[in-house]
Amino acid sequence: MNYENEIFNALQAAGSEGAAVKDIARYVYNACNSFFMPLDYGDVHRYVSAYLVRNARRSGSLIESVGTRGRYRLNLSSPKTQQLILIFGDYDTEESPRDPSEDGSLSLF
């Protein structure tokens, strides 16, 4: 499982205000937990916390501390972050609107 991508998605959803470590950990836990491969929330929280602290210390990193203890956000001045936003950003594809009167289902008889 790739927790880093989910951490990035959580921080992207949080915006410029950032998010608390517990909220990011909950987001990652909910995104990666499954019936067949259950996760321990404590392990996920420890990993997310260590990852955020480790990456927020480096200058030019993807992640920066907001200033309040335990809150992080994306470092939008970093070129790496701008590139990842382009890669992982939502691609709005325009679909041609379907005519509601046109029924594409098959007849049962």
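**Helix packing and buried residues in a predicted model**

Helices H2 and H3 are oblique to each other, a class that takes in the angles left over once those under 35 degrees count as roughly parallel, those over 145 as roughly antiparallel and those from 65 to 115 as roughly perpendicular. The model is predicted, and local features need pLDDT of at least 70, side-chain atom pairs count only at pLDDT 80 or more, and totals for chains, interfaces and linings use all residues. Residues are numbered from 1 along each chain as its sequence is written, and side-chain values use heavy atoms, with hydrogens and water left out.

The angle behind the description of H2 and H3 is about 125°, and their axes are 9 Å apart. Axes here are lines fitted to C-alpha atoms, for helices over the stretch in contact, and angles run from 0 to 180 degrees between N-to-C directions. H2 and H3 cross in a right-handed manner (right-handed if the near helix is turned clockwise from the far one by less than a right angle, left-handed if anticlockwise). On the H2 side, the contact is formed by Val21, Lys22, Ile24, Ala25, Arg26, Val28 and Tyr29, and on the H3 side by Tyr41, Val44, His45, Val48, Ser49 and Leu52; contact means heavy atoms within 4.5 Å. Sorted by class, these residues are nine nonpolar, two polar and two charged. In this sorting Ala, Val, Leu, Ile, Met, Phe, Trp, Tyr, Cys and Pro count as nonpolar, Asp, Glu, Lys and Arg as charged, and the others, Gly among them, as polar.

The wider setting is as follows. The protein has four helices and three strands, arranged from the N terminus as α-β-α-α-β-β-α. Helices (H or I, at least four residues) and strands (E, at least two) are DSSP runs, numbered from the N terminus. Of its 109 residues, 26% count as buried, which is to say under 20% relative accessible area, with exposed being over 50% and partly exposed in between (1.4 Å probe, protein chains only). Among contacts with a separation of 6 or more, 46% join residues 24 or more positions apart.

H1 (residues 3–14) packs on H2 (residues 21–32): their axes come within 9 Å and cross at roughly 125°. H1 and H2 are therefore oblique to each other, and H1 passes H2 in a right-handed crossing. H1 brings Tyr3, Glu6, Ile7, Asn9, Ala10 and Leu11 to the contact, while H2 brings Ile24, Tyr27, Val28, Ala31 and Cys32. Nine of these residues are nonpolar, one is polar and one is charged.

For H1 and H3, the packing angle is about 70° and the axes are 11 Å apart. That makes H1 roughly perpendicular to H3. Tyr3, Glu4, Ile7 and Leu11 of H1 meet Val44, Tyr47, Val48, Tyr51 and Leu52 of H3. The H1 and H3 contact has eight nonpolar residues, no polar ones and one charged residue.

Val28 sits in helix H2 and is buried, with a relative accessible area of 0%. Leaving out residues up to four places away in sequence, Val28 touches Tyr3, Glu6, Ile7, Val44 and Val48. Tyr3, Glu6 and Ile7 are among the residues that H1 contributes to its contact with H2, and Val44 and Val48 are among those that H3 contributes to its contact with H2. The C-alpha atom of Val28 is separated by 8.7 Å from that of His45, 17 residues away along the chain.

Asn55 belongs to helix H3 (residues 41–57) and is buried at a relative accessible area of 7%. Its side chain makes a polar contact with the side chain of Arg58 at 2.3 Å. A polar contact is a pair of N or O atoms within 3.5 Å; within protein, one must be able to donate a hydrogen and the other to accept it, and residues adjacent in sequence count only if both atoms are side-chain atoms. Asn55 also touches Ser61 and Ile63, not counting residues up to four places away in sequence.

The side chain of Asn75 reaches the backbone oxygen of Ser61 at 3.1 Å, and Asn75 is buried, with a relative accessible area of 10%.

Leu62 is placed in the loop between H3 and strand S2 (63–65). With 21% relative accessibility, Leu62 counts as partly exposed. Leu62 and Phe8 are 54 residues apart in sequence, and their C-alpha atoms are 8.7 Å apart in space.
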